[in-house]
Amino acid sequence: MKIECLDLPDEVKKFYLDSGIEGLYPPQAEAVEKGLLEGRNLLAAIPTASGKTLLAELAMLKAVLSGGKALYIVPLRALASEKFRRFREFSKLGVRVGISTGDYDRRDEGLGVNDIIVATSEKTDSLLRNDTAWMREISVVVADEVHLIDSANRGPTLEVTLAKLRRMNPSCQILALSATVGNADELSAWLDAGLVLSDWRPTDLREGVLLNGTLYFKGLDRAIEQPTKDEAVNLVLDTLREGGQCLVFESSRKNCMGFAKKAAPKVKKALSAEDRDLLAGIADEVLENSETDTAVTLAACIRAGTAFHHAGLTSASRELVEEGFRAGRIKMISSTPTLAAGLNLPARRVVIRSYRRYSSQDGMQPIPALEYKQMAGRAGRPRLDPYGEAVLLAKSNEELGNLFERYIEAGAEDIWSKLGTENALRTHVLSTIANGFAHTKEELMDFLEATFFAFQYSNFGLSTVVDECLHFLTLEGMLEEAEELVPTMFGKLVSRLYIDPLSAAVVVKGLREAGGSLTDLTLLHLICSTPDMRLLYMRSSDYEGINDFAMTHSEEFVKVPNSFDMVEYEWFLQEVKTALLLLEWIREKPENELCSKFGVGEGDIRAIADIAEWIMHVVTQLARLLELKGAEKAAELEMRVHYGAGPELMELLDMKGIGRVRARKLYRAGFRSLADLSGAAPEAVAAVVGPKIAERIFRQLGRDDAAGTEFSAELQLPEAGEEKAGAGQKTFNDF
């Protein structure tokens, strides 16, 4: 099917023809035949790289250029940014594109001027909770990676959000996209959608197992050269000899860092002089953004042509790795499975070095076939690779056979709704009532009938769970005791703040029960005791120190559990450890110290700080509404957690590009306010932070006379450890 034959405006056809896309892949053509451009709901369950995003683009452009508005829902911020960059190319067609992944108590009405809005599922849910007007104008909803309905963490939010959008905009088109859905027919039936189910790929995918130097595919095997004792390293080198790149999936951060280091000396020998020069530049950028030991290790790997990728890295470092790989300079990335979750980063060969994951309940367990399919789908770059290969590693003939049966010859598992528990449901019950989607128990149950859970389980047991949620919400003062379901001001605020009602209850109870003055530690531990907080794990080496700290500061905690209750006390120590990390963060401890002391990465620190900042914002708002003590203290801590600095630096940190390291240097040099900086000599400021940053400061202060000044200070690179003011999403689930 040719682009020029589609029922699309001429300018859209020209846009794709000019970009080299003249025809559709078979699954794309099938989608058009099943009503893609006629507003029909569709579920496209087709392999990675088979053109799912193009289907979304065609549907959105058709609607937008007819006066409609499109919403593109993704699970991750990184994926949102990737799609936003792509869709901005539609500005040539006069299409305006916006992105929203941030603050959860804002309506973001200004986004309504855009034709296409990209948002995470959590942000979409919050826009609905805050009664954002333009949400009623949506005519196309794209749900990317829709199989994540099966996720216990984010699945219920995506499921309820889709149900609300369908009820609010009955005529809007739903386009659901996934590479791996075992029960695609069931999901499409729930969405009242046509089904495009295909295993067609533009690049042939070969799936096999490596055993003792021989690579086994179905009906084919070949030997792999064995220059090293590590078979995965040999696979990487074999890929490079054929002109390809390699993704290696590992089971843990430690393993993926270790493998990148192990492969580096061998890969480095295969690099050209040009590659080495360009890789050195990428490595320098990594070090400009961070001074931690992990960053030093990453930079050393990058210089050798390898890299690792996991959530412990800063977003800046991850983006540098991704860009270096896309440009063909970084030859191999060793990653945790997070990289398989939708990012467009294909490679000639994917190696699943470990197919087992650690479970706290069951130890090391085989991953689901669905997860394997997600990783294997990264193999093969369209129009760049003649084929793609996904390879598992075996240690025996028996394991080889098991791997073929469990993964290569198996289909993805069915996905199941995770909505049917009180933990998953209570926040959505409150928001459904607070938004006016339901005014009685009967209306609430009627709404929940539209969920995937009700479709799969015929509402079995849901009424009992709903009763438990309603009882809790009434008991905690979020719903009024009346014949109808009426939210209180407290309940409405909890819903708008996008917080678990249980977290809100914990906060309010803690503020009411706190004796004496509220210290930084009191409030930091209070937010760490909420279910929305991401807690640090206790290592065996942590117990003595954290327990001693807890005992020494026991009067600052709202409640200390009995140490004889081992489960509760273990949880308490995790809360204390996380609170202590935040306390040292706002006291400006260097990030490398924090990483070493707490066993975390920079990315973890920023992720935990983002969540803590948001929950502290919730504390501020709830304390003000209910006239509880602690509102002003919490507001101050909210800002300090955002910047990781003392209160005396807040004014300086309002300047863009002045992170906590530079702010402290300026403060020590006597520049303690914006007024001090405004009246300062440019040369004096440049001597502290460097000429480029000094010029940026004076430009923000309106000192045009300082622009272009020949500063006497030497040129300084951006400081390691500096963070962008305002960077980072305030969300509980993206990390």
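A residue counts as buried when its relative accessible area is under 20%. Keep that in mind as you look around this predicted model, where Phe437 and Phe447 are both buried.

**Aromatic pairs**
- The model holds 14 aromatic pairs.
- One of them joins Phe437 and Phe447, whose ring centres are 5.9 Å apart.
- Elsewhere, ring pairs connect Phe15, Tyr16, Tyr72, Phe87 and Phe90 into a cluster.

**Helix α15**
- How many of the 13 residues of α15 are buried? The count is 10, and the helix is mostly covered.
- Among the buried residues of α15 are Leu425, Arg426, His428, Val429 and Ile433.
- With 1.5 Å for each residue, the 13 residues of α15 should span 18 Å, and this agrees with the 18 Å between its end C-alpha atoms.
- Just after α15 comes Gly436, which has a positive phi of about 85°.

**Charges over rings**
- Arg348 lies over the face of Tyr387, 5.3 Å from the ring centre.
- What sits over the ring of Tyr667? It is the charged end of Arg664, at 5.4 Å from the ring's centre.

Technical notes:
Residues numbered from 1 in each chain as written. Predicted model: local features only at pLDDT ≥ 70, side-chain atom pairs only at ≥ 80, totals over all residues. Heavy atoms only, no water. Phe/Tyr/Trp six-rings, centres within 6.5 Å; stacked < 30°, edge-to-face > 60°. Buried < 20%, exposed > 50% of the residue type's maximum accessible area, 1.4 Å probe, protein only. Lys NZ or Arg CZ within 6 Å of the ring centre and 35° of its normal. Helix = DSSP H or I, 4+ residues; strand = E, 2+ residues; numbered from the N terminus. Expected span 1.5 Å × (residues − 1).
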